[in-house]
Amino acid sequence: MEEDIPDPLPVEEDEELERDEEEGEFDWVVDEADELDDEDVVVLDTEAESFELEQPAERSGHIAAVDGHYMYVWGGYKNSQTTGFFDLYLPRNEIWIYNMETERWKKQMTAGNLHTSMSGSCGVCVDGVLYLFGGHHARGNTDRVRIYRVCMYVDSVMSCRILAPTKVVSSPSLSRNLFFGGYGYMAQGAHRGTFEYDETSFMGDNPGRGWNNHIHILDLEKSTWSQPVTKGNAPSPRAAHACAKVGNRGYVFGGRYRDYRLNDMYYIDMDSWEWHEIVPQQGPVGRSWHSLTPVSPDHIFLFGGFTTSRETLSDAWLYCVSKNEWQQFKHNHTESPRLWHTACSGPGGEVFVFGGCANNLLSHQRAAHSKELLVFTVQPKSLVRFCMEAALQHRELLSGSWDCLPKHLLHTLRQRMGGINALGS
């Protein structure tokens, strides 16, 4: 049953925020309820403010998913224009689309019966369809979780109601989505895995919440849920962890369990369903609300997050699968710490980090939500990319010859010339 009184939003985002903090579907996504009282934070409806923008508003707790060279951004929340600790969910019928080739944003309004605005959802694109699972809204989270399928080519939305656990992270695999862990209510019926109550979550008549390490599989063709029988030592229950899929493996790093933010790493073989713990000699500190992004068949990129000592991080790391080792990644965004952001891998060897919070989301200060797009080049640029950039850099000299280019390249160059993206790196 949905709660009658809104929870403080930062709770969903750190105890659910943090506990749900970083989770995904082998893209696992994301609360800390004991940090703020109900009087400190008021969640407002999205219709309370107007968002007539040419670029996405600042936000945290949103989802971002890639299809081809497009990145789709939905949901999350931001500070209200009202003074004080007020938070506002972003409009539920609004999807922002970033073209990685032209470096430009476009807003797309959706149709259909989309239930409510949310933060802390999971999102993944499969065959041109954006699937949204779980999340937290103004009345809290519930064991009735909706999955929204947004067809990105016909701009229509339809939703279905499915009973499932809340607060998880997901990752796509063929015609199925895999979900691991999270923070929320105890799932109904028998479930494989462990659920541990958070003793601080029992308030009034509301049922308690806690952490789990369940794996759930959504069959996209049959629209059915199942749980695999796993082997090996599974990760402890957690939330606000991050996941990435490389080959037939689903990797899990970090996350929050009770008052600790972890730095352990596991993978599950999605053929044998056996868990394996990975123990590199050294690596990133424990964290939650970070991102974990596959960038090649042998590398995973980690950025940002939030430590046990409540430090918002700006460090980046590359994990080499074949060598089982972490290497710190040098970059130009060390002055841009982020937590509860999103990170997507583009076709040109880049990672696009959007939004998130730049300060301590659990402190009694106004959250520094961001609308900046940070771009990390983790793979060498292609020859086509170098040529495109040279043509733009020397456009006054070369523009007279542009008509000799193939139509798709000419179209891309003209689009990039059409405006300057203020959110680029």
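Trp-289 is not a glycine, yet has a positive phi of about 60°, and lies in the loop between β21 and β22 (291–296). Trp-273 likewise has a positive phi of about 60° without being a glycine. Its place is the loop between β20 (260–269) and β21 (274–278), and at 13% relative accessibility Trp-273 counts as buried.

The model is predicted, so local features need pLDDT of at least 70 and side-chain atom pairs count only at pLDDT 80 or more, while totals for chains, interfaces and linings use all residues. Residues are numbered from 1 along each chain as its sequence is written, and side-chain values use heavy atoms, with hydrogens and water left out.

Helices (H or I, at least four residues) and strands (E, at least two) are DSSP runs, numbered from the N terminus. Helix α2 (residues 383–393) packs against helix α4 (residues 407–417) at an angle of about 50°, their axes 11 Å apart. The contact (heavy atoms within 4.5 Å) is made by Val-384, Arg-385, Met-388, Ala-391 and Leu-392 of α2 together with Leu-409, Thr-412, Leu-413, Arg-416 and Met-417 of α4.

Within α4, Leu-410, Thr-412, Leu-413 and Arg-416 are buried. These residues lie on the same side of α4, because they cover an arc of only 160° around the axis, taken from the directions from the helix axis to the C-beta atoms. What covers them includes α2. On the other side of α4, Lys-407, His-408 and Arg-414 are exposed.

Key. Axes are lines fitted to C-alpha atoms, for helices over the stretch in contact, and angles run from 0 to 180 degrees between N-to-C directions. Buried means under 20% relative accessible area, exposed over 50%, partly exposed in between (1.4 Å probe, protein chains only).
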